[in-house]
Amino acid sequence: MALILLQVPLMKPGSLTVKLSSQRKPFTDIVGLEVGAGLSEGVPAVRLRKREGAIEMLAAGFLKLPDELPETAESAQHANPMWLLPGPFQAPHAALAVSSKQSFLRHAAGSGDETPDKRQSAFRIASRTATPDLPPLVAGLPEFQAAWAARLLPEGRRPTACSLQLSSAAALNGLTAAPAFLSAGGNAAALFVFPEYTALAAFQESSLVLYREHPVGYVHLRSALSTQMGIDIALADSVLDDTLIDPTPIIEPVLRPLFRQVEISADFLSRRRNCKATNFFLCGLPAGASYWSTVFSHMMNMPLLVCPTFDGVQRAQRPTPKHGALAPLTKAGEQLLMAAYGAARAVLEDE
Amino acid sequence: MRKPLHLDLLKDEERLSASPIRLRVMLPVFSLLAALGIAVWWSVLVARAHTLGLQKAGLENAIAELKPAHTSLLALRAEEQDTAATLKQLAYYKNARVVFGETFAKLADHVPEKVQFTELRVPPPPPLPPQDPKKPLLGPTNPVERVTLRLAGRTSGPEPVNALFQTLRTPAFTNLIRSAEIPKGAFRQDTARNAANRETLLFELTCECAPRRFE
């Protein structure tokens with residue numbers, strides 16, 4: 001069952017750059033790494049292996065590595081960190097998912113003319129068309145950030161970079177392989193929650209038909225809780241996971257505009273594409289998922305189901321000493337590995 | 001089949017190999033090692049050539065020092081060879097000696113009364129062929145030399161000569177004289193004497209003796 005139909009757009013002068021994968025041999029062992037996430041836990045890393053058609057997870061966790069993304073070309077030239085991964089994550093190849101405030105992922109406007117961002121600065125751009133009647137989805141990352149990320153993993157050591165993706169695009173691949181999504185029949189809308197924004201992705205018959213980003217992330221919820229309850233930022237997640245205090249009155253004003261946009265998008269899909277969204281998923285949220293679901297149910301009269309990141313993924317039964325044992329992950333930590341997992345999964349399944 | 005949303009921003013030149021063996025590193029290393037190997041090989045060759053040169057010079061000096069002794073040794077060897085050849089030839093001649101004395105001593109007892117020898121001669125061997133002055137022959141080249149005995153004398157008739165002829169064929173003489181013959185016209189009158197002695201005949205006997213063997 002095809003989830004996303006990918007097509008290469010026609011080349012035109014000044015059109016978006018076509019980036020086809022130059023992979024010659026299918027990859028079978030990949031470690032996904034999220035660069036620039038800025039998490040206190042470390043760099044999200046997930047190692048996946050494809051064996052006999054099935055994908056299994058060999059290792060997952062957070063690595064203490066310098067991942068501060070350079071903001072300017074000058075700082076990128078002077079910063080040359082080198083990542084050396086611990087043994088369990090030393091796959092032959094790595095898929096990097098970059099989280100950058102300067103990146104963008106959106107549907108191309110009109111005929112796919114050059115974007116203003118591209119004119120202002122040199123951007124590395126890739127695009128894919130899911131269905132012929134929809135504009136292609138365009139991903140862009142500043143050239144200096146892309147070049148900096150590509151230099152992170154040195155030559156001659158495992159792993160080396162084989163793919164460079166945006167975190168927002170990579171995260172989509174985690175959901176589309178989940179059994180909960182597949183059981184919904186391919187007609188679903190999902191909220192991918194990132195620190196600074198939340199992405200709404202709608203699928204019709206497993207094809208991506210809508211992608212929108214809204215500037216509300218889980219950091220905004222933490223800030224609201226911290227400010228209004230007078231607590232430390234670090235305690236905000238504890239409040240969200242706890243049931244002693246109901247933070248709904250505080251987070252509802254933050255979430256309401258976001259869910260209003262979801263409602264508008266669902267209405268848009270229903271009218272324009274005759275696609276009634278009946279399944280809503282929530283991905284990547286480290287804390288407070290139950291409150292998100294409650295607010296969403298009140299507004300949309302629909303359930304918002306939390307989709308675990310590693311839903312349906314086999315764990316390696318007997319990890320070898322080289323691969324290492326899988327460290328136990330909390331539910332919050334598992335959600336934060338969404339982009340790294342999706343990046344690795346995209347490479348393994350892109351044959 | 002489900003296709004993932006893989007928006008890859010990595011450039012081809014940024015795809016690096018994880019193998020520690022990298023061509024752009026190993027190529028200069030191998031080139032350097034090859035150049036080093038050639039230099040070592042060349043220096044070994046030069047050292048060997050130098051050693052061989054020294055060895056050659058040493059051998060030439062040794063040869064120069066040994067040359068007079070070698071020359072004298074060669075002369076001594078040649079002299080020794082000449083002497084040995086001479087001794088060998090002398091030994092041949094010694095072995096080839098034909099002993100006539102005992103036979104001739106017996107012959108006196110068997111000569112009939114009517115026979116008087118006027119000649120008893122062993123003709124000399126035929127002369128040697130012309131010799132090469134550069135390489136003179138030390139002896140006869142033929143290892144076997146024919147030996148003949150010529151007997152001549154006076155007699156009163158053929159009977160005493162025939163008796164003598166038969167005597168020469170007895171075992172007492174056959175160890176030396178292998179055969180004897182009276183050549184045709186061997187008997188003739190002795191014209192050189194006076195008439196009273198006109199009945200005296202001259203005779204001649206030719207005997208084939210045992211050959212001289214230079215062995």
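# A tour of chains A and B

Start where the two chains meet. Here 19 residues of chain B are in contact with 40 residues of chain A. Select the chain B side of this meeting. The residues there that touch chain A divide into nine nonpolar, seven charged and three polar. Keep in mind that you are looking at a predicted model.

**Stop 1: chain A as a whole**

Now select chain A and colour by secondary structure. Chain A has 351 residues, and 45% of them count as buried. Take the contacts in chain A between residues at least 6 apart in sequence: 69% of these join residues at least 24 apart.

**Stop 2: the six-stranded sheet**

Select strands E8, E4, E1, E2, E3 and E14 of chain A. In that order they make an open sheet of six strands, with mixed pairing. Which strands of chain A stand at the edges? They are E8 (160-166) and E14 (314-315). Each has a single partner strand, so one side of each is left without a neighbour in the sheet.

Move to strand E2 (residues 43-51) and strand E3 (residues 54-63) of chain A. They run antiparallel and are joined by nine bridges. Click on Arg51(A). Opposite this residue, in E3(A), stands Ala54(A).

H3(A) touches strand E1 (29-35), strand E4 (93-98) and E8 of chain A. The direction of H3(A) makes about 150° with that of E8(A). Then show helix H4 (residues 167-176) of chain A. H4 also packs on the sheet, touching E1, E4 and E8 of chain A. The direction of H4 makes about 95° with that of E8(A).

**Stop 3: the three-stranded sheet**

Select E5, E7 and E6 of chain A. They form an open sheet of three strands in the order E5-E7-E6, with antiparallel pairing. Strands E5 (104-107) and E6 (123-128) of chain A stand at the edges. Each has a single partner strand, so one side of each has no neighbour in the sheet. Look along the sheet for its twist, which averages 20° from one strand to the next.

How many bridges pair E6(A) with strand E7 (residues 137-142) of chain A? The answer is six, and the two strands pair in the antiparallel sense. Click on Ser127(A) to see one facing position: Val138(A) in E7(A) stands opposite.

**Last stop: back to H3**

Return to helix H3 (residues 143-150) of chain A. This helix lies across E6 and E7 of chain A. H3 runs at about 80° to E7(A). H3(A) also packs on the six-stranded sheet, where E1, E4 and E8 of chain A are the strands touched.

Methods
Residues numbered from 1 in each chain as written. Chains lettered and ligands numbered in written order. Predicted model: local features only at pLDDT ≥ 70, side-chain atom pairs only at ≥ 80, totals over all residues. Contact = placed C-beta atoms within 7 Å. Nonpolar A, V, L, I, M, F, W, Y, C, P; charged D, E, K, R; others polar. Pairing = 2+ DSSP bridges. Helix = DSSP H or I, 4+ residues; strand = E, 2+ residues; numbered from the N terminus. Axes fitted to C-alpha atoms, helices over the stretch in contact; angles between N-to-C directions. Buried ≥ 20, exposed ≤ 12 C-beta atoms within 10 Å, placed from the backbone.
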